Amino acid sequence: MVNDLAARAKQEFYPGQVVSCQQSGADFLFQCDNNVQLQLQVITDKVLRFRFATDNGFAPDFSYAFPEGVPARQEPEFLEFREKLDHYRITTDRLICTISKANLASRVLDRSGSVLSEDEKGFHWEYEYETGNDIVKMSKLVQSGAHYYGLGDKPENMNLRGKQFTNWGTDTYGYVKGSDPLYKNIPFFLALHQKIAHGIFFDNTFKASFDFAAERADVASFWAQGGEMNYYFIYGPSLLEVTEEYTRLTCPPELPPLWALGYHQCKWSYFPESLFKGIAKGFRDRQIPCDALYLDIDYMDGYRCFTWNPTHFPDPKRMVRELAEDGFKTIVIIDPGIKIDPNYSVYREGLANDYFCRRADGPLMKGSVWPGLCNFPDYTRPEVREWWAGLFKGLIQEDGVKGVWNDMNEPAVFEKGTFPDDVRFSYDGHQASHKKAHNIYGMQMARATAAGVKQFSYPNRPFTITRSTYSGGQRYSSGWTGDNVASWEHLWLANIQCQRLSISGFSFIGSDIGGFIDTPDGELYVRWVALGAFHPFFRTHSSGDHGDQEPWSFGEQYAELAKGFIELRYRLLPYMYTTFWQYTQQGTPMLRPLAFLDQTDTDTYLRMAEFALGDHLLVCPITTPGADGRWMYLPRGNWFYYWTDEAKAGGAEVWASAPLDRIPLFIKAGAVLPMYPLMQYVGEKVVEEVTLHVYYKNGTETSVLYEDGGEGYGYQNGQSTTRRFKVKGTETGLVLQQETEGDYQPTFTTYRVVLHGLPFAAAAFSLDGTPADGEETITETGLSLPSVVVGASFTELVIG
């Protein structure tokens with residue numbers, strides 16, 4: 001008897017000849033003569049799903065990437081299916097897709113006939129004898145001039161061409177540029193060629209790899225160590241639209257509480273209570289704004305989750321309440337490892353209900369983390385997620401904690417890295433080994449945590465953070481970029497990683513400001529705070545054995561500089577919150593690399609230092625010591641330097657003077673930039689007046705301001721207001737118009753309209769047809785500019 005399994009294990013297999021095709025609505029099933037099948041689904045006019053099966057057939061359709069386990073679909077506006085001599089052709093309102101009868105090879109074109117994506121070998125696979133899985137592979141031709149972006153937290157150049165990467169969530173302490181893999185698993189990337197963009201979302205949770213013309217210069221490929229070849233083609237044609245489509249496909253998050261966009265201070269670890277409250281006092285005494293303080297693992301009793309150390313924190317409820325009275329929200333860490341201790345109630349409950357992960361032959365999964373030997377919940381079981389959510393009642397509802405931070409959830413195990421492959425998971429009824437569940441473990445922990453924090457925070461909104469996640473994890477949590485280093489290289493990496501995560505659907509992101517490992521000097525810390533002020537998640541975090549890292553830890557000179565950037569962040573909160581709202585509504589990335597601003601300008605394709613925050617701010621951090629400015633590229637159009645109001649034309653490199661009290665920051669001409677009055681924490685003062693900084697443009701520009709109160713769920717029931725501002729400028733005049741949608745009545749009743757860059761003297765003001773009096777205003781940057789105070793309900797302001 002001949003056993004050919006060993007030979008088969010290294011042999012590549014391919015689809016055979018197509019023998020039939022069946023259409024059912026917007027679904028098409030292609031059957032080959034060797035039993036290979038392709039299910040092609042038209043998800044929307046711009047999104048096509050390709051799902052292949054070998055001789056095992058299709059598994060039940062289920063993915064954690066989608067809230068309901070399968071993607072939401074839109075009936076295509078136009079759909080045509082035709083059989084040709086050697087191929088089939090499917091046409092939507094935006095795309096043409098052809099499938100070869102010879103081997104299922106696909107081509108996707110736009111309606112003008114430009115080839116967007118074309119298979120090289122296309123789908124093929126190997127049989128892996130040891131696991132019984134297929135190693136599923138897809139290779140595509142690299143289109144002329146192609147560039148690649150995305151893929152989550154990879155610490156590499158923005159453009160991925162010529163590189164290869166792996167997704168296998170890993171606790172990578174002190175990673176460096178080029179380290180791979182890291183903590184997050186987001187198998188989504190964007191391709192740009194001939195100034196047209198598309199994306200690929202490879203929805204496979206096994207260890208996956210991506211090759212962007214690294215091994216072969218004319219081929220890009222992706223493959224996984226099991227599961228299906230299941231990917232989504234996402235058409236732009238702009239890069240921005242590709243990310244929006246992907247984010248809507250996997251679902252954006254809800255709005256966070258406004259305070260979550262303030263400044264956060266963290267350390268491993270603040271204890272005892274006297275030290276923790278001393279940190280709070282340090283902020284208030286120096287009048288450095290701060291909204292959240294964090295407790296790392298040492299707040300627990302012997303690192304047991306959901307407990308308090310009775311020596312360090314004898315009365316946590318009182319402590320949390322007293323901090324809250326001074327405007328501080330307390331955030332605590334929770335890890336997945338549950339200490340094996342029969343006297344520990346969480347362990348006893350998990351054990352009694354069989355909630356912990358088991359090995360293939362039945363024993364409980366055991367691994368050492370901070371508490372010592374632990375068991376680990378199987379978060380892929382609904383009943384376990386419900387149990388885990390319920391555990392937060394004490395911390396959130398009873399003790400008053402305002403947020404939870406999930407760490408070590410790759411999952412990480414000391415000395416071993418992660419779980420063994422034979423650990424078994426329910427996978428919501430789709431039984432799986434660790435090989436399949438590893439990359440979604442952190443996401444499902446974050447999901448269970450978010451459910452608990454939301455349940456017990458009500459009627460307020462929840463706030464959670466996670467280190468590890470998968471596509472769709474943005475629904476449950478914010479994130480940070482992991483255990484970085486206090487170095488200039490890591491400041492550079494923080495800029496790139498946060499941009500990359502944002503365009504990969506995960507915008508609520510930041511880095512450990514100043515570096516987690518080692519200690520920065522004052523200059524590096526201030527430059528990092530300056531960058532972090534423009535990241536959605538704004539937190540200093542450090543390892544306790546490397547010294548203090550509060551804003552005042554480097555001397556009063558640096559404390560004042562850091563304070564200035566933190567204050568700027570608080571003034572910009574209405575703009576940041578509006579940008580977040582756009583993300584929740586349309587999937588629009590909050591941070592946008594230059595190529596996303598103008599993909600018709602090839603000079604943007606390889607640049608990575610500059611990025612936009614929202615629609616109208618362009619930022620470029622200083623990432624080298626001793627610099628007093630830098631050269632940077634401005635996208636085409638007109639811009640104003642924030643610090644001086646100097647006007648610059650885009651489409652060229654410019655010098656941005658930036659001593660240590662500045663970061664290169666430009667405002668788009670025509671923008672209306674809203675600012676709040678300075679406060680020490682969100683809610684400290686009633687906002688009675690909002691400043692609108694209006695930047696002149698000879699032409700028209702639109703801006704938006706979203707308001708809903710910043711807390712609670714009233715906005716889901718219509719209690720919100722969207723204000724759209726239109727600037728119309730000429731050489732001799734400027735008109736500012738406001739259109740308002742929604743019934744929410746904010747606390748402010750007036751705007752202070754401050755005018756920047758006018759090429760004429762502002763001699764007369766007309767407010768809704770009535771003369772108004774102008775005045776001079778000294779801005780936060782020291783400029784004296786013309787201004788006028790108007791009612792918040794105005795419709796038209798004319799300046800001439």
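What volume does the largest pocket have?

1. The largest pocket has a volume of about 720 Å³. Of its 31 lining residues, Ala-59, Phe-206, Gly-227, Glu-228 and Lys-436 are the closest to the centre. A pocket here is an open set of points on a 1 Å grid over the protein atoms alone, where a 1.4 Å probe fits, with protein on both sides within 12 Å along at least five of seven lines; lining residues have an atom within 4 Å of a point. Points are joined across faces, edges and corners, and the volume is the space filled by probe spheres set on them.

2. The model is predicted: local features need pLDDT of at least 70 and side-chain atom pairs pLDDT 80 or more, whereas totals for chains, interfaces and linings use all residues. Residues are numbered from 1 along each chain as its sequence is written, and side-chain values use heavy atoms, without hydrogens and water.

3. Two or more lining residues of the largest pocket come from each of β5 (47–53), β11 (134–141) and β27 (432–433), and β5 gives the most, with four. Strands are DSSP runs of E of at least two residues, and helices are runs of H or I of at least four, numbered from the N terminus. The lining comprises 11 nonpolar, 13 polar and seven charged residues.

4. The second largest pocket has a volume of about 420 Å³. Of the 22 residues lining this pocket, Glu-254, Ala-450, Pro-462, Arg-475 and Tyr-476 are the closest to its centre. Helix α8 (residues 434–457) gives the most to this lining, with five residues.

How values were computed. Nonpolar A, V, L, I, M, F, W, Y, C, P; charged D, E, K, R; others polar.
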